[in-house]
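User: I've got a structure here and want to talk through how some of its pieces pack. Can we go through it step by step?

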Amino acid sequence: MNVPLNIDLNGKVAVVTGGGGILCGVMAKALAACGAKVAVLDLRAENAQKVADAINADGGIAIGVAANVLERESLQQAEKVVTEKFGKCDILINGAGGNHPKGTTTKEYLEKADLADGVKDLVTFYELDPAGVEFVFNLNFLGTLLPTQIFSRAMAESEGGVIINISSMNSFTPLTKIPAYSGAKAAISNFTKWLAVHMSKVNIRVNAIAPGFFVTDQNRAMLMNADGSLTARGEKIISHTPMGKFGTPEDLLGTLLWLVDEKAAGFVNGTVIPVDGAFSAYSGV
């Protein structure tokens, strides 16, 4: 795999949660291409193993490990496997996350007509399912906090390490229709800053990447029609992205590798870096 920055991660162990997905799978491959031994963690063991197999086939070193980021026991078992195979974690990428339909409204704006009894197939703010909202918050926030508790302890007990959380450009300005996801990612950004301060005396740097719009398995149907054309929401997003395109997974790698490299970013701590084609900077006029 070609990487945009030639950094040396030989001797380092990287753990990537959500590593079976499109974006974090590419991150895992980039870390391995720079010499790290990579543990690809995913809820679905087959997805984790698929990425690990691709890394190994390309000359890297990786293992796939099934792990549920919402279950401490599952993470403890995963950490045991990683430590036995590779040693302690030096780089943690908290990539697991996502949205859920039950934390999403049907429309962008509430109108009085929406409040009438018997309106079918409509989820307003008032019909949001608390269980759905809770799931989104847990998946994104606790799904970052718990892996950090499990994998960073060995960092703190030794020479330190690097943690990269995955926030979102909607942590800067919330998107319509997805209050749970926007709020959860805002929590990730805040937690990143808190954790950077908290961990600073044990030499653990904590930063976050805030991706803009990248086409993934989770959002493809929202952004694109079956024929490859843009949906109405996809067109709206592109019109508010000054660079006029969606990101590719490779667009995240320069920021990722810069942040994990001690020589390049050793004094960078507590930041949230948007990689979004200027979406979060655009006012719309």
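User: At what angle do the axes of H4 and H5 cross, and are the two helices roughly parallel or roughly perpendicular?
Analyst: Keep in mind that this is a predicted model. The axes of H4 (residues 130-157) and H5 (residues 179-198) come within 8 Å, crossing at roughly 20°. Angles under 35 degrees count as roughly parallel, so that's what H4 and H5 are: roughly parallel.

User: How do the residues of the contact of H4 with H5 divide into nonpolar, polar and charged?
Analyst: On the H4 side you've got, among others, Val-133, Phe-137, Phe-141 and Leu-145, and they meet an H5 set including Ala-184, Ile-188, Phe-191 and Leu-195. Sorting the residues of this contact gives 12 nonpolar, four polar and one charged.

User: What is phi for Lys-177, and where does Lys-177 lie?
Analyst: Lys-177 sits in the loop between strand E5 (161-166) and H5, and is partly exposed with a relative accessible area of 24%. It isn't a glycine, yet its phi is positive, at about 80°.

User: And what is the relative accessibility of Asn-203?
Analyst: Asn-203 is in the loop between H5 and strand E6 (204-211), and it's a non-glycine with a positive phi, near 65°. It counts as partly exposed, at a relative accessibility of 49%.

Technical notes:
Residues are numbered from 1 along each chain as its sequence is written. This is a predicted model: local features need pLDDT of at least 70, side-chain atom pairs count only at pLDDT 80 or more; totals for chains, interfaces and linings use all residues. Side-chain values use heavy atoms; hydrogens and water are left out. Axes are lines fitted to C-alpha atoms, for helices over the stretch in contact, and angles run from 0 to 180 degrees between N-to-C directions. Helices (H or I, at least four residues) and strands (E, at least two) are DSSP runs, numbered from the N terminus. Angles under 35 degrees count as roughly parallel, over 145 as roughly antiparallel, 65 to 115 as roughly perpendicular and the rest as oblique. Contact means heavy atoms within 4.5 Å. Ala, Val, Leu, Ile, Met, Phe, Trp, Tyr, Cys and Pro count as nonpolar, Asp, Glu, Lys and Arg as charged, and the others, Gly among them, as polar. Buried means under 20% relative accessible area, exposed over 50%, partly exposed in between (1.4 Å probe, protein chains only).
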